[in-house]
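Colleague: I have the structure open and would like to go through it with you. Could we begin with a term that will be needed later?

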Amino acid sequence: MADVNHTAFRPGTFLLVGIPGLEKFHLWISLPFFSMYIFALLGNLVLLFTIVREQSLHKPMYLFLSALTVADLLLSTTTVPRMLAIFWFRVRDISFGACLAQVFLVHFIFFAESGILVAMAFDRYVAICNPLRYVTLLTHSVIWRIELAAVVRSFCLILPIFQLLLRLSYCRNRVIPHSYCEHMGVARLACTSIKVNVVYGLTVILLSVGVDVVLIAVSYGLILRAVFQLPSAGARRKAMSTCGSHLCIILLFYTPAFFSFFTHRFGGHSIPRHVHILLACLYVVVPPMLNPIIYGVNNKQIRETVMSM
């Protein structure tokens, strides 16, 4: 039942605060975010162009990396320009439809990227633990099917969240204490119960992303066991270098995401709101910025190809 002190309705617009409690520092905060966004755009575009252009990079590992690059470009571009508009021009209004579209895109990209990381872990597992079958197992058609499966799974997981937000009746309060629209930030403006939203969000994280993390951990456990059994020290170093790059990307992706998710639901009173929002904002720009750097520095073939362009 709607609260008697509020009139339930669907607002035409929401108001995004930015980073609550730090409004007077928005201009200064915007400078590193703008710089990181530019680096993320340039780095990922260069990496994507390099993989597409160079025929020798049309291998499973690099094709999965190109999919990750596209996801990073979409994630940062979906959120950072809106943040900068708030920080620079105080453009805080966002229409109801645009807000729900941003919710859809942010979570859709997150689930898709998680699926891509599982595929990358599987790729490294086959390459190191079963190298003789690597080319026959991971053909281009199989790679496209895996990437399509990640996209379809992501769509199926996020569509109910979209529908759950549409079914809610919203109160007159339309202020979202965030720099971009996300599921629980919007749901908390409802006058009706959001228990289903909370339960579904938690279930999806634990049963989809949680399973992804377990699969990645198992893959790298088997990889490490195989690496330490290699007779050549040079082969061990090469395998560890490649896997180290992947592990860095995985930690960059999951650590802030899980921290943001669980503090938003269970640690709201113990962690200052501006800290939570700031970390959530960093999550959508720092991994996209660092991923091309990690691969550009650690992967000799990509580094040499970029230098020769």
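Predicted model: local features only at pLDDT ≥ 70, side-chain atom pairs only at ≥ 80, totals over all residues.

Colleague: Then is K300 buried or exposed?

Modeller: K300 has a relative accessible area of 52%, and the cut-off for exposed is over 50%, so K300 is exposed.

Colleague: Which residue does K300 form a salt bridge with?

Modeller: The partner is E304, with the closest N and O atoms 3.9 Å apart. E304 has 45% relative accessibility and therefore counts as partly exposed.

Colleague: How far apart are K300 and E304 in helix α11?

Modeller: They are 4 residues apart in that helix, which spans residues 300-308, so about one helical turn separates them.

Colleague: How many salt bridges does the count come to?

Modeller: The count comes to 3 salt bridges. One of them joins R124 and D123, whose closest N and O atoms are 2.9 Å apart.

Colleague: Are R124 and D123 buried or exposed?

Modeller: R124 is buried, with a relative accessible area of 10%. D123 is buried as well, at 1%.

Colleague: And which residue meets R153 in a salt bridge?

Modeller: That residue is D212, and the N to O distance is 2.8 Å. This pair links distant parts of the chain, 59 residues apart: D212 belongs to helix α7 (residues 195-227), and R153 to helix α5 (residues 140-167). D212 is buried, with a relative accessible area of 4%, whereas R153 is partly exposed at 25%.

Colleague: Let us change topic. In what order do the strands of the open sheet come?

Modeller: The order is β2-β1-β3, with 3 strands in the sheet and mixed pairing. β2 (93-95) and β3 (175-176) are at the edges; each has a single partner strand, so one side of each has no neighbour in the sheet.

Colleague: How many bridges join β1 to β3, and do the two run parallel or antiparallel?

Modeller: There are 2 bridges between β3 and β1 (residues 13-16), and these strands run parallel. Within β3, V175 is the bridge partner of L15.

Colleague: Now the surface. Which residues form the nonpolar patch?

Modeller: The patch consists of F25, L27, W28, L31, F34, I38, L42, W88, F89 and V91, and together they have about 1000 Å² of accessible area. The largest share comes from α1, with 6 residues.

Colleague: Take W28, then. Where does it lie, and is it buried or exposed?

Modeller: W28 lies in helix α1. Its relative accessibility is 62%, so W28 counts as exposed.

Colleague: And T50: which helix is it found in, and is it buried or exposed?

Modeller: T50 is also in helix α1, but T50 is buried, with a relative accessible area of 1%.

Colleague: What does T50 touch?

Modeller: Leaving aside residues up to four places away in sequence, T50 touches L57, T305, V306 and M309. Of these, T305 and V306 fall within helix α11, which runs over residues 300-308.

Notes
Residues numbered from 1 in each chain as written. Heavy atoms only, no water. Pairing = 2+ DSSP bridges. Patch = residues over 30% accessible without salt bridge, like charges linked within 9 Å, V, L, I, M, F, W, Y side chains within 5 Å. Areas by Shrake-Rupley, 256 points an atom, 1.4 Å probe, with all protein chains shown as cover. Salt bridge = Lys/Arg side-chain N within 4 Å of Asp/Glu carboxyl O. Buried < 20%, exposed > 50% of the residue type's maximum accessible area, 1.4 Å probe, protein only. Contact = heavy atoms within 4.5 Å.
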